[in-house]
Structures are given as C-alpha cells and as structure tokens.
Amino acid sequence: RINPNESIRVVITDEDANAFIQRLTREDESIQSLTVAFESGAAVLRVTLSRDLLSEFDIQMPFFIRGDALEIKLTVNATATDCKPVVTVKSLDFNGWPLPIKGLVAETLNALINEEWPANICLEQVIFSSGELALEGHRR
C-alpha cells in the first residue's frame, strides 16, 4: 500500500513490456507480431498485421502497398503535464510510408489516457532510456 504523498517510481523494461504484449496477443491471428522498444527519448512500437484483417472491415489498401502483411511503426515520446502523461507522436509509418495523421493519433491516445489515468496518482516525470521506461510521481 502506498501512502498519500509517497513517491512512486515504476520501471518497465523492453523484455517485461514485450512479454506482457505477447500474453495479450497470443490468440489473435491477425497480429503477426507486436513489439515495443524503449530508446533514449522515445518508445518505438512495431506491429505486423495480417492483410486479411483489413478485409474483415471492408478496407481496401492502395495498390502501391504490396504483400500479405501490414507493417506499422509508431514512435512516441511523453511528458508529464497536470499529473498525467501527455503523448507526442514523433513518427507513424505504414509499410515504410509516413502517414500524415500524427496529430490525430496523439489526440486519440491522450483522450484515452485522460479517461483511464488514476486520479490518485500524480505523474511528475516520464523517462525513456535504452531498454526501459521509468515513470516517477507520487500518490495524492
């Protein structure tokens, strides 16, 4: 149990994050791979999806996107503002092509965070370094 105003530091490694992701996605055949890597100043999420997933939603791919897999690379960083993380999308690539929707993706992620972030936790700092993510703050 954490007392009010007590400091909190949570460290998440690449290995721990990827093991958790594997458990969550193990039975989803449309996700061929999903990994996260923490780097200095950023997190890089790589997802490879089956092209069949889009046909389930009746989405047609442009002719220049070839192959059976869809590869998405999302690079983000985050800061702490008003006791919550605020995500900034640094880049978003789809099969190697940059997508001009970074603002929309960041807005969506931040809206989800605002809804789900625990009110009794005040995040003060987000630190991305090679192989790990550290979150520092306190309990309100």
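Helix H3 (102–116) lies across E4 and E5, and its direction makes an angle of about 145° with E5. Contact here means heavy atoms within 4.5 Å. The axes are lines fitted to C-alpha atoms, for helices over the stretch in contact, and angles run from 0 to 180 degrees between N-to-C directions. Helices (H or I, at least four residues) and strands (E, at least two) are DSSP runs, numbered from the N terminus.

Some ground rules. This is a predicted model, where local features need pLDDT of at least 70, side-chain atom pairs count only at pLDDT 80 or more, and totals for chains, interfaces and linings use all residues. Residues are numbered from 1 along each chain as its sequence is written, and side-chain values use heavy atoms, with hydrogens and water left out.

**Layout**

The protein has three helices and eight strands. Going along the sequence, the pattern reads β-α-β-β-α-β-β-β-α-β-β. Its C-alpha trace spans about 55 × 30 × 25 Å along the principal axes.

**The five-stranded sheet**

E4 and E5 belong to an open sheet of five strands with the order E2-E3-E4-E5-E6 and antiparallel pairing. Two strands count as paired if DSSP finds at least two bridges between them. E2 and strand E6 (97–98) are the edge strands, each pairing on one side only. E5 and E6 are antiparallel and joined by two bridges; Asp93 has Pro98 in E6 as its bridge partner.

At the other end, E2 and E3 pair in the antiparallel sense over eight bridges, with Thr35 opposite Arg46 in E3. The hairpin of E2 and E3 has two residues between the strands, and Gly41 there takes a positive phi near 85°.

E1 runs antiparallel to strand E8 (residues 132–139), with seven bridges joining them, and Ile8 sits opposite Gly137 in E8. E7 and E8 are also antiparallel, joined by eight bridges, and Ile127 faces Ala134 in E8. In the hairpin of E7 and E8, which has two residues between the strands, Gly131 takes a positive phi near 85°.

**An aromatic link**

Rings of Phe, Tyr and Trp (its six-membered ring) pair if their centres lie within 6.5 Å; planes under 30 degrees apart count as stacked, over 60 as edge-to-face and the rest as tilted. By this rule there is one aromatic pair. Phe38 and Phe128 form that pair, which is tilted, at 6.5 Å centre to centre with 40° between the planes. Phe38 lies in strand E2 and Phe128 in strand E7, so the pair ties together parts that are 90 residues apart in sequence.

**Pockets**

On a 1 Å grid over the protein atoms alone, a pocket is an open set of points with protein on both sides within 12 Å along at least five of seven lines, whereas a cavity is a set where a 1.4 Å probe fits but cannot get out; lining residues have an atom within 4 Å of a point. Grid points are joined across faces, edges and corners, and a volume is the space filled by probe spheres set on the points. Nonpolar covers Ala, Val, Leu, Ile, Met, Phe, Trp, Tyr, Cys and Pro; charged covers Asp, Glu, Lys and Arg; the others, Gly among them, are polar.

| Pocket | Volume | Lining by class |
|---|---|---|
| Largest | about 880 Å³ | 22 nonpolar, one polar, no charged residues |

The largest pocket is lined by 23 residues, and the closest to its centre are Phe38, Val76, Val87, Ile113 and Leu133. The elements giving two or more residues to this lining are H1, E2, E3, E4, E5, H3, E7 and E8.

The second largest pocket is lined by Leu45, Val47, Ile72, Leu74, Leu92, Phe94, Leu99, Ile101, Leu104 and Val105. Here, E3, E4, E5 and H3 are the elements that give two or more residues.
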